[in-house]
Amino acid sequence: MNLPNRLTIVRIILIPIFILLLVLPLDWGQVTWLGTAIPVAQVWGAVVFAAASITDFLDGQIARRNHLVTNFGKFADPLADKMIVMTAFIILVSMGAVPAWAVAIIVCRELAVTGLRLIVVETGGKVLAAAWPGKIKTTTQMVGIILLLLNNIGFGAINVPMALIFFYICLFFTIYSGIDYFVQNRQVFAESSAE
């Protein structure tokens, strides 16, 4: 079990902690930041989610730099990412912070791309590395979730809802990168129709 895989396991372990912080009726009071009252449990949820996001960045960097890519890592790393992000979005829907229809689109895209990756590997193809739209999607997801957990704190005196801006940018790149991934792997469908 190398370091990148341990970081992936830590990210998976953080998921139930993240859930418990946000769904248990814990009343630790509130903190005020930039004039916005934020429940302490949500602040801790944001901290745990940020820690998970950092492990996501680190495990990939370490694995590639030190040639520690394993089959477990190829499977568990993207799975752990999707699990914590989807968990966060579902909890945010229950909090009324984001619309359910948009999260449904995100979940459907993630399931569709995961299924396509399995088909590509099964048919002997090579899974494509994340392109820039996917990287933008992931970054905006993670930043947006943290800001949403911090009660959509605005930007200075103009109070621009930065979290929702990140969320809708994420939604756009979720759709765009999903379409792009299917277009890049369209040969899978051509091969299956030829059989």
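Tutor: Contact here means that heavy atoms lie within 4.5 Å. Of the contacts in the protein with a separation of 6 or more, 73% are between residues 24 or more positions apart. The model is predicted, so local features need pLDDT of at least 70 and side-chain atom pairs count only at pLDDT 80 or more, while totals for chains, interfaces and linings use all residues. Residues are numbered from 1 along each chain as its sequence is written, and side-chain values use heavy atoms, with hydrogens and water left out.

The protein has seven helices and two strands, arranged along the sequence as α-β-β-α-α-α-α-α-α. Both kinds of element are DSSP runs numbered from the N terminus, helices being H or I with at least four residues and strands being E with at least two. Of the 195 residues, 38% are buried; buried means under 20% relative accessible area, exposed over 50%, and partly exposed in between, with a 1.4 Å probe and protein chains only.

The charged side chains come next. A salt bridge is a side-chain nitrogen of Lys or Arg within 4 Å of a carboxyl oxygen of Asp or Glu, and by this rule the count is seven. In one of them, Asp 77 meets Arg 11 at 2.4 Å, N to O. Asp 77 belongs to helix 3 (residues 71-94) and Arg 11 to helix 1, so this pair links distant parts of the chain, 66 residues apart. Both partners are buried. Arg 11 also forms a salt bridge with Asp 81, at 2.9 Å, N to O. Because Arg 11 lies in helix 1 and Asp 81 in helix 3, this pair ties together parts that are 70 residues apart in sequence. Asp 81 is buried, as is Arg 11.

A further salt bridge joins Glu 110 and Lys 137 at 2.7 Å, N to O. Glu 110 is in helix 4 and Lys 137 in helix 5 (residues 132-149), so the pair ties together parts that are 27 residues apart in sequence. Glu 110 is buried, with a relative accessible area of 4%, and Lys 137 is buried at 6%. Returning to Arg 11, salt bridges that share partners join it with Asp 56, Asp 59, Asp 77 and Asp 81 into one network.

Glu 110 has other partners. Its side chain makes a polar contact of 3.2 Å with that of Lys 82. A polar contact is a pair of N or O atoms within 3.5 Å; within protein, one must be able to donate a hydrogen and the other to accept it, and residues adjacent in sequence count only if both atoms are side-chain atoms. Beyond its neighbours within four places in sequence, Glu 110 is in contact with Lys 82, Met 86, Lys 137 and Gln 141.

Leaving aside neighbours within four places in sequence, Ser 177 is in contact with Arg 109, Pro 133, Gly 134 and Lys 137. The side chains of Ser 177 and Arg 109 are joined by a polar contact of 2.8 Å, and the side chain of Ser 177 reaches the backbone oxygen of Thr 174 at 3.4 Å. Ser 177 is buried, with a relative accessible area of 5%.
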